[in-house]
Amino acid sequence: MQERRKNIDRTQETRSALIGVARTLFFEKGYAATGTPEVVEMAGVTRGALYHHFKDKRALFKAVAEVEASNIAQEIEASSIDAANSADALLDGARAYFQAMRKPGRIRLLLIEGPAVLGPEEMRQIDLDTGGRELRIGLKEAMGAGVTAEEVDIYADLVSAMFDRAALACNGQPDSKAYESVLSSLLSSLTNTRSQP
């Protein structure tokens, strides 16, 4: 039993090492310029170990995108957990999103190369499995009982696209306060309008 546990731990360590190295390389060099031999060498594993965990470079990229999207979702959740109400939680989450996307490499990975490498639908699914789910819950609560599940999905897609576009526009800019302010106003307006009887 102890040996099995050690094997599981080693397997997880190898997978984590590959994802960590790939993340650094994808952030710094991008998908096209990152080769699997470089990933293997930097991770200190064999080529066989890489292909034991990931079918190909695209699968490794997807794993990195999933981890990074999950990290962002956790950062957003942590910043909005103590909000007084669901509308405030959305606004706190919006600010946290902008802060999270300032981390070098995230915009390139998730908003530029992610859709190009994985396609928009696969990236949408990654979003739904991480922060997108929380956004839908927050919108439903903030918009009130009259909103349908279909409307929540549509609003969430539009709000998410709006945030991604704003993050792209602010990429490399020293100040994103104007975008944050306008998006906060739009969110407030959306939730106030929809929650009215």
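Is Phe 163 buried or exposed? Select Phe 163: at 8% relative accessibility, this residue counts as buried. Buried means under 20% relative accessible area, exposed over 50%, and partly exposed in between, with a 1.4 Å probe and protein chains only.

Before moving on, note the ground rules. This is a predicted model, in which local features need pLDDT of at least 70 and side-chain atom pairs count only at pLDDT 80 or more, while totals for chains, interfaces and linings use all residues. Residues are numbered from 1 along each chain as its sequence is written, and side-chain values use heavy atoms, with hydrogens and water left out.

**Stop 1: the rings**

Rings of Phe, Tyr and Trp (its six-membered ring) pair if their centres lie within 6.5 Å; planes under 30 degrees apart count as stacked, over 60 as edge-to-face and the rest as tilted. The count comes to 6 aromatic pairs. Show Tyr 97 and Phe 98: they form an edge-to-face pair, 5.9 Å centre to centre with 75 degrees between the planes. Tyr 97 is buried at 11% relative accessible area. Phe 98 is buried too, at 4%.

Phe 98 lies in helix α5 (residues 86–101) and Phe 163 in helix α9, so the pair ties together parts that are 65 residues apart in sequence. Helices here are DSSP runs (H or I, at least four residues), numbered from the N terminus.

**Stop 2: a second ring group**

Select Phe 26, Tyr 31 and Phe 61, which ring pairs link into a cluster. Then show Lys 57. Its charged end sits over the ring of Tyr 31, 4.3 Å from the ring centre. The rule asks for NZ of Lys or CZ of Arg within 6 Å of the ring centre and within 35 degrees of the ring normal.

**Stop 3: α8 against α9**

Display residues 131–143 (α8) and 149–170 (α9): their axes come within 9 Å and cross at roughly 115 degrees. Axes are lines fitted to C-alpha atoms over the stretch in contact, and angles run from 0 to 180 degrees between N-to-C directions. Contact residues include Leu 135 and Met 143 of α8, and Tyr 155 and Val 159 of α9.

**Stop 4: Leu 128**

Go to Leu 128 in helix α7 (residues 120–129). Leu 128 is buried, at 19% relative accessible area. Leaving aside neighbours within four places in sequence, Leu 128 is in contact (heavy atoms within 4.5 Å) with Arg 133 and Arg 136.

Key. Helices (H or I, at least four residues) and strands (E, at least two) are DSSP runs, numbered from the N terminus.
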